[in-house]
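Student: I've got a new model to look at. Walk me through it, please.
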Amino acid sequence: MPKPEPTDLSRPYWDALREGYLVFQRCRCGNAWLPARTHCPACLKPEPRWERASGRGRIVSWVVYHTAYHPAFADKLPYNVALVQLIEGPRLLTNIVDPNEALAADAPVALKIEWEGDTALARFLLDYTPA
């Protein structure tokens with residue numbers, strides 16, 4: 001698998017996943033986002049803070065790939081790439097580990113950290129527990 005290359009800016013995100021939880025950035029104006037940035041994309045203020053996410057969200061959209069555009073994904077076909085919106089607001093591109101046929105718009109999901117070699121990745125499961 002292609003490995004992410006953490007930077008000083010993104011290291012808190014990757015460190016949190018290694019510790020078993022997900023973090024995102026939030027500005028004093030209230031805007032929240034992923035991936036990491038030095039300034040708020042809404043108001044452009046510097047120095048956002050990191051917050052711990054609940055790990056719950058909803059599927060916004062997804063696509064199922066039947067062709068591997070990189071050799072590392074050939075043994076994973078068919079696989080999905082989903083846009084998940086966390087209940088705290090940020091959206092992230094990820095994978096849903098449930099069968100592709102079970103995916104649905106607005107379906108609730110819960111964080112499932114999975115390891116690819118020595119890299120922890122934020123993936124999600126369909127969440128059937130009451131909110």
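Student: Quick one first: is Tyr79 buried or exposed?
Tutor: Tyr79 is buried, at a relative accessible area of 15%. The cut-offs are under 20% for buried and over 50% for exposed, with partly exposed in between (1.4 Å probe, protein chains only).
Student: What are the ground rules here?
Tutor: This is a predicted model, where local features need pLDDT of at least 70, side-chain atom pairs count only at pLDDT 80 or more, and totals for chains, interfaces and linings use all residues. Residues are numbered from 1 along each chain as its sequence is written, and side-chain values use heavy atoms, without hydrogens and water.
Student: How many aromatic pairs are there?
Tutor: The whole structure has 4 aromatic pairs. One of them is Tyr65 with Tyr79, stacked at 5.3 Å centre to centre and 20° between the planes. Rings of Phe, Tyr and Trp (its six-membered ring) pair if their centres lie within 6.5 Å; planes under 30 degrees apart are stacked, over 60 edge-to-face, the rest tilted.
Student: What does the Tyr65 and Tyr79 pair tie together?
Tutor: Tyr65 is in strand S4 (residues 56-65) and Tyr79 in strand S5, so the pair links parts 14 residues apart in sequence. Helices (H or I, at least four residues) and strands (E, at least two) are DSSP runs, numbered from the N terminus. Tyr65 is partly exposed, at 29% relative accessibility.
Student: Which other ring stacks with Tyr79?
Tutor: Phe73 does, at 5.3 Å centre to centre and 25° between the planes. Ring pairs join Tyr65, Tyr69, Phe73 and Tyr79 into a cluster.
Student: New topic. How much space lies in the largest pocket?
Tutor: About 930 Å³. Of its 35 lining residues, Leu93, Thr94, Asn95, Leu121 and Ala122 are the closest to its centre. On a 1 Å grid over the protein atoms alone, a pocket is an open set of points where a 1.4 Å probe fits, with protein on both sides within 12 Å along at least five of seven lines; lining residues have an atom within 4 Å of a point. The volume is the space filled by probe spheres set on the points, which are joined across faces, edges and corners.
Student: Which elements supply at least two residues of that lining?
Tutor: Helix H1 (11-19) and strands S5 (79-86), S6 (91-94), S7 (108-116) and S8 (119-126) each do.
Student: Now cysteines. How many disulfides?
Tutor: The structure holds 0 disulfides, taking a disulfide as a pair of cysteine sulfur atoms within 2.5 Å.
Student: Backbone next. Where is there a cis peptide bond?
Tutor: One runs from Leu34 to Pro35, with omega near -5°. Pro35 sits in the loop between S2 and S3. Another cis bond joins Leu77 and Pro78, with omega about -20°.
Student: What is phi of Leu44?
Tutor: Near 70°, a positive value in a residue other than glycine. Leu44 is in the loop between S2 and S3. Leu44 is exposed, with a relative accessible area of 60%.
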